[in-house]
Every structure is written in C-alpha cells, then in structure tokens.
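Subject: Structure for your files

Hello,

Here is the structure you will be working with. My notes on it follow below.

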Amino acid sequence: MLAWIFVPFAGGVLAWYAGRWRAVFARWIALVATAVTLALAVLEWTHSGSIHLSGQGPWLADSAWPWIPRFGISFHLAFDGLSLLMVTLTAFLGVVSVLASWREIGERVGFFHFNLLWTIGGAIGVFVALDLCLFFFFWERMLVPMYFLIAIWGHEQRRYAALKFFIFTQGSGLLMLLAILALVFFHQRASGVLTFDYFELLGTPLSQAAAMSTMLGFFIAFAVKLPAIPFHTWLPDAHTQAPTAGSVILAGVLLKTGAYGLLRFVLPLFPEAALRFAPVAMALGAIGIVYGAILAYAQSDLKRLVAYTSVSHLGFVLLGVFAWNAWALQGAVMQMVAHGITTGALFVLVGALQERTHTRDMRLLGGLWASVPRLGALGLFFAIASLGLPGLGNFVGEFLVLLGAFRVSILWTVIAALGLITAVVYALVLVQKTFHGENTRGWRLAECTPRESASLGAMVAIIVWLGLHPQPVIDTARASMNALASLPAAKAQQASLR
Amino acid sequence: MSFGQADLIALLPLIAVAAAAVLALLLAAFQEHARGALAVALLGLAAACALLPLAARAGPLGVTPLLIIDRYALLFMGLIFAATFAIALLCYSYFGGLNSAHRSVYVLLLLAALGSAVLVASSHFASFFLGLELLSVALFALIAYERDTERGIEAGIKYLVLAGLSSSFLAFGMALVYARFGTMRFAEIGAIVSAGNDAYDVELIAGIALILVGIGFKLAVVPFHMWTPDVYEGAAAPVSAFVATVSKGAALAVLLRYFIDVGAHRSAALTAALTAIAVASILAGNLLALLQDNVKRILAYSSISQLGYLLVAFLAAGPLGTEAIAYYLAAYFVTMIGAFGVVGAVSGPGADRASEALDQYSGLFWTRPWLAGVFTAMLLSLAGIPLTMGFVAKFYVVAAGIDAALWAPVITLVIGSVIGLFYYLRIIAVMCAPPPAAAPVNAQSGVLESGIVLAGLTVLLVVLGVYPAALIHVLHGALAGFGPS
C-alpha cells in the first residue's frame, strides 16, 4: 500500500532527473512507474477476494506509523473496496495519461512527468489516508503539481484557468481544514483525547448546530471538487485549458476525490447532519445533471463540452450518495468508475484530434469520419457510453442511482432522469458535428497510432466489461457500501419512507 | 545583589555576540577586505548558539532585575542567532563576495542581533527599552547602508523617524504604567494586577496600549505598517530579510512575555484591540499585496499579513498558542530569509527599482531553475501549502485559534490565505512563463555562500514540513508551562 504512493513519487523525481538528458527517458520512466502502480493495485484486487471472506469488516489492510504525536497525528493508511477501486482507476488513468502526452508534450518533458506523477501519487494518497490531517496533506499535495500542469503546458488561457482552479480548490480546502480542526477539538472536549484518526473520530458526539456547520465545511470542499452546482465554475476552464493528460487526470481522478470524500467522510462522520442535509444535496445533484447536460449541448469547444458532461455525470454521483441506500451507493461507485474511464477516453480523443487539427472548435471540424474511421468509431463508442446506453458501464451506474433515488425522492429522480434524454442530445451532437457532416475545411488526418489504439482499446474493453459484467466492481465495494447503508441514520431514512 | 558564576554562564550567549561585535569592529578598522569581519561574526553567532544549552542548564535565572534567562528566551535567542548567521552569509554574497570591502555591515548585524536577544530576555522596562533601541539604532545604519542609492537613504530616514516616534510612544506607555504601580518589573506589575480587583483602569490600559503602539511599529501591523514597503524596498535584500524576521520576531516575543507576565490577556479591551489589529493586518496586507509589481513590496505586504496570522496565535494565548507562535516564527524566519535571499541573488547590490520588478522574474524557471525552485518553495510555504513548514505553521495557528474558539480571526485567516494565493501564484506563474528572448537579468553568477544558505533553508523548509515532530518536540519541551494562566 505504501508502494502505491511511493512508486509515483519516486518515479516523478526520477523522470524529472532523466528528462534533463533525453525526453524519452522521462516518458518511459513515467510509463513504467504508473504501470507498476497499476499492477500492484490489480494484484491487490485479485487477492482481495480471499481476504474478504474472512469477514474482517470492510477494511482490507490497515497500517499506521506515528507522525506528529504532539497532535495525535499518525501516518495512517488503510483501504477498503472503495479505496481499492479508486486506486486502480487512478493508476489506470495514469498509464493512459502518460501515453496521451507522449507526443503532445514536447517541452520540459521531465518536469511535466514529475508533476503528472506527483498528482497521481497525491490522489492515491487521498484514497488511502485515514488520518484526517494526512488526508488533508495529500488533498493539498495534489493541487500544486496540477496547477503547474495547467499553468505551464495548458492552452491559450492557461494562467487564468490554473489560478481559478487553484483558488477554488485551495479556498474550499482551507474551509475543510477548519472543519477538520473543529471536529478534532469537539472530540477532544468530549473524550479528552487529541487525535486526527478517522476511526476514533467516528461517532463524535456533536450538537446539532456544530454537526451541521462542520459537515458543511467538508461538504463544500468536496462539492467544489466534485463539482456540484453552484461550485462548478472552475471546472470548464480548468478542463479546457489543461493539456490532455491534465484533463484526463482532472476528470478521471481529481473529481473522484470529491465523491470519495463524501462517501468516506461526510456520511460516516456526520450521519444525522448529512441526513438532514440530504434533500438539498439531492436537489443540487439533480439540478446539476440537467444543467450540465444543457450547457454541454450549448458548447462549441469540444473540450468544454466534455467538461460540462462531467458536471452532469457527477450529479448522478451526488444524487446517489445522498439517496443513501445500498442500490444508490453502489450506483454512485459504479458511476465514478465508469465516468472516469469514458470521460478520460473522450479527453484522449479530443486531445488526439487537437494534435492533428490544432483546433477544438466543432464549427471548424466536420466530416472527419472519412479520413479517420477508427478514431470516429471510437468517438462514437465513448459518446454513446457517456449517454448511458444499456450494455455499457455508465448505464449500470446511472440505472442503479435512479433506482435507489426513486425510493427516496420521486421528484428529483424524475428530474434526474431527464438528464438521460439531454445526454443523448449532447453526445450525438458531439459525434455529428465532429465526425459527420460536410468536411468543409478539407481535413485529411492521420489515423490513430498503435499507442492511441492500445490505450483507447483498453478503455473500450473496460467499459464493455463494466456494462455486461459489473459484478466484480459491485462486489469489491459491497462491504463498504453496505456498512454505509446500515448506519443508523440511513436506516432512519428508510424507515421514514415506509 | 551579587553576580555569581551561574549568572555569568547564563549570560554567555549574549556575551559571545557582544564580544564578536567588538572584535569585528577592531578587525574592520585594520583589515581591508570583509572576510575577517565575516568570520568573526559567524564564529561569534555559532559560539552563542553552542552556548545556549549550557545557559539553559544554568537557568531559568533572573540575571539582575533586568534580564531573565529561561528556556523561552533561549529558544528565541537561538532563532535570532541562527537567522543572523544565515543573513550574514547572504550579506557577504550580496555585497560582492571575495572582493567585498563591506566590513561594518557585520558589526551592525551583530549589534542588532544582540539588541534582539536582550529584548527576548528582558523582564524589566529598562532592558526592554535598551534592547529595542540597540536594535533600532543598528537598523538605521543597516537600512541606509547602501547610501549611494537614493532609495537607501530614503528608507533609512523613514525608518529613523518612525522608529523614534514609536520609541517615544513606548517610553510614554512605560512611564504611565510606572506611575500607576511604582515598579518596572514585569513580574511585580503582574502580581499587583492579579492582586487588585480594580487593576484595569484607564491609566493602565492606556499605558499598555501605548506600549502596544510602540511594538506595533516594530511588528509592522496595521495601522502601524506604512513604513514597511518603502523600507523593505530601499534596504539591501538581506537587510530587508533581517527587518522582516529578527526584528519582528524579537518584538513579538517580548510582547508575548509582557502580556503573559502582566496577565493582559484578561483585559477585554486589549483583546478586542489585538483582534482588530490582527484582522486588519491580514486583510490589508493581502489586499495591498495584490496591487504591487515589485517583488520586495509584495514580500513586505505579505509579511504584514503573516504577522496578522501570528497575532491570531497570540490571541489564542494558552500553551498551544505559544507553541504555535514559536513554530510559526521559525517557519516565517526560514521562509522570509529564503525569499529575500532569492531576491538578493536575482537583483544584486545597488539594485534599482526596475531590477526588482516582477517581470524581471519572467522565465526564471528555465534560466535559473534552482533559484526559481527555491523561490517557489518559499512562496508555497508563505501560502501554507503542504510539504513546507508554512503548512505546519498555519495548521498550528488555525488549531490554536479554533481551540480558543476565535472564530472571527480564524475565518479571516482563511479568507486572507485565499487572497494571498493570488499574488504568490502570480509570481510563480511569471517564473513559469517562457523566458524573454534577451535575458535582462544581470548575469551575476550564483555565489557559493548564498547558494549554500538557500539550499540549506530549502532543505530545512521541506524536512521540517514533512516531519515537523522533531522541531515540535523541541518547542514543546522549551515552552512547557509557558502561557497565561
């Protein structure tokens, strides 16, 4: 587990160093580092089945070292099925993003891969840290390299976008720090123990007002990352201006840290407050679904379009998390994984097109299918995966979320379901305007390289597998999600509905 | 009152610095080049640091009614001497290294360090005032040291006038307190205050408030901050670092000791005033920094806001607050010295305004990557980003603030930090930009001494940012039980 964090960090430093001589060394080191991380995660996953049966609760591994004893802070890492899924997804998208930047990044390659790998390492740290201070440490840790990725290798408005990204996430992060410290001191008042350990902070007795304000501190930080309306305005800029690898990691991994935070911290730490807040959160989720979809339709910039679909898809996650029953939670997890893959793939595709045409403006594109049928087919595949076609991964997630949410709030479920229709519109518009129609500019493009085919092909396979046989993912996260769904507050919610 | 061997041992660190100052002065009179004076200064400071544990074993001890050598004083002395050591090396690089004939700067640095050390050990108004004046007088000369530049003279005179003014405020405040109680010893004032019920009358509060004004000038907190940007801009970069770190740190340390001894935290009026000062410093420092285009001025306003953050910990009182102040000061010292060290390395001596403008840093990442890397680390630390000491320090302060339920200052701190990101990131973004075709930065090669100092500071910044437990252990031990009851 330590290796998951250590390999990307060490790989990053090595890549930076190697990049001083030959750019290609840096690329290979980064590729090997991410691949090793992925292999370690998959290995753990295939092993995890056997650990599960021994019935140790949802936690698969747990280790802690003292770090800052003065504050009761320890270097506490642990993971359950949810963390494992997220780590695997992160490592996989890490490989994809290294491949995607193979030709796109020509300058300061070493430093680029250093930042990329440190972002990945930080995100993995977020997924396995179970000390609140350590969690915050990793949470902030991944921002600075991402800032550099956008600010140095981004597109035309990179500095503005990078600054906006950093201010939004850092500002909300500080709010979370306040909430963490408040929680810790409330816990100290109640028990006399100063600790940042997740397991000890569970079940801290809080007054209603205290629980609500602390919960909101966490919620806003995660909602900015997710992003939920009205905290989403940084996202279109950051995604659009980032280099391809940056967009892939942003959409595939960084957004998931927000969802992960909701599942890991907001619900278990503040069950009552979260329950009272659930109607608002579900409303935000459902509005986000429709709003993101409509705005996506209105974009002419390909990357911006894909960015807004993220707002829409992550709305399902928010809805599912706060619907708070086993089905909706499973759906949210499934949606997180599937969205990471499809959106990552769409960004890779857009990046590939931009590399060839030097534009992302759909009004200039059109009729590309004739010259790049394979890219076109892949584009069509990921577009319909993204709109939630049955048989593909996203459908499973969205369907489960809607199924679970229906039992809690019919109104918001109906509105959320509207998002499925608008999704069809934007996804087909994407394909139509880019690959079909008249080739007014006379584009003649190179077909995809083996490198692109390999990474996109792997993503196709995963999406089909998730769609047809989602059981392994569901099984992996089941123990944790069931534990969440059987919290007293969740039971109370279900009881009130009967 | 006898002066025993224990007293002598306790005073050894101060004596070492004073002796070094005299020796450096003698050497400076006879030697042409600066190496001798620098060596004496460094040796004296190193010896003083080495003598601290010895003095700690002799103490805690009141040496004459004027000074108290306890772990608190020794801790801050250690910080002051270490910072002066680094700044002396930076000065050597800044003023031309081997060919430098600038000898008196080290004498002045030693005297200023001695004044600061007296300040943190003072337990009596006389030593308080004496230390402050020793520090101020040395600083007048240091700030105006580059006397061939107009800016240097301007900054020196500005500082001279305002420091004189603040000293008179301080003296008047002390006189009021003395008129009220008939004693100038902190501990006796505290005893009288806690014995009497009607102790906090107008006279005493006015006295403490005037002392606060005097110290406020030294701390450069709003509304006593006007001189800061001009002086920082006009002084040589290492001297600015000294003004920003050692002089402020010492002033804050003595103020804290005075507040704790006198029990001033119990006065609601003073707490309210300090809260207002903290909030105003955070907001004004950060907002005004946004408007600047000169890196030294940005750092000056940044330091105003940093002192605002420190005052939050100051207000928190209690042992946690004291520890937070000590850790924050350590982080702030490392960061500010590093940042001004980079500024000095980029613009060089006798620099004009243009060479400190932000666009001179354009593309620094690609032309001088190590320097830019160090500067980035320092700026991220000022912004409180993890892996740096600045993060742990901010964490400490926020923890202390929340523990004391100071919601308004803590929330201001968060807002201020977010505003702060704008200008820290702005500098970093400029450094990331593609370098200008013709590099206008004067191609002063990286001098060895400043390189070593900056590398050392960066390593310290990261190591203590990742594994702060070592330093926290020291602080916790040194400050145990030191806080208002």
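What covers the buried residues of α8(B)? The cover includes α6 (150-181), α10 (237-262), α11 (268-290) and α12 (295-316) of chain B. Please keep in mind that this is a predicted model.

The buried residues of α8(B) include B:Leu204, B:Ile208, B:Ile211, B:Ile215, B:Phe217 and B:Lys218. Helix α8 of chain B covers residues 202-219, and at 1.5 Å a residue its 18 residues should span 26 Å; the end C-alpha atoms are 25 Å apart, which agrees. Just after α8(B) comes B:Ala220, with a positive phi of about 55 degrees.

Next, the contact between the chains. Chain A puts in 23 residues and chain B 20 residues. On the chain A side, β1 (59-68), α5 (132-141), α6 (143-153) and α7 (158-191) each give two or more residues. Of these, α7(A) gives the most, with 13 residues. By class, the chain A side has 17 nonpolar, two polar and four charged residues.

In chain B, α7(A) meets helix α17 (residues 407-432); the two axes come within 10 Å and cross at roughly 155 degrees. Angles over 145 degrees count as roughly antiparallel, so α7(A) is roughly antiparallel to α17(B). The crossing of α7(A) past α17(B) is right-handed. Among the residues that meet here are A:Leu163, A:Phe166, A:Ile167 and A:Gln170 from α7(A), and B:Val414, B:Ser417, B:Leu421 and B:Ala429 from α17(B).

Regards

Technical notes
Residues are numbered from 1 along each chain as its sequence is written. Chains are lettered from A and ligands numbered from 1 in the order in which they are written. This is a predicted model: local features need pLDDT of at least 70, side-chain atom pairs count only at pLDDT 80 or more; totals for chains, interfaces and linings use all residues. Two residues are in contact if their C-beta atoms, placed from the backbone, lie within 7 Å. Helices (H or I, at least four residues) and strands (E, at least two) are DSSP runs, numbered from the N terminus. Ala, Val, Leu, Ile, Met, Phe, Trp, Tyr, Cys and Pro count as nonpolar, Asp, Glu, Lys and Arg as charged, and the others, Gly among them, as polar. Axes are lines fitted to C-alpha atoms, for helices over the stretch in contact, and angles run from 0 to 180 degrees between N-to-C directions. Angles under 35 degrees count as roughly parallel, over 145 as roughly antiparallel, 65 to 115 as roughly perpendicular and the rest as oblique. A crossing is left-handed if the near helix is turned anticlockwise from the far one by less than a right angle, and right-handed if clockwise. The expected span of a helix is 1.5 Å times one less than its number of residues. A residue is buried if 20 or more other C-beta atoms lie within 10 Å of its own, exposed if 12 or fewer, and partly exposed in between; C-beta atoms are placed from the backbone.
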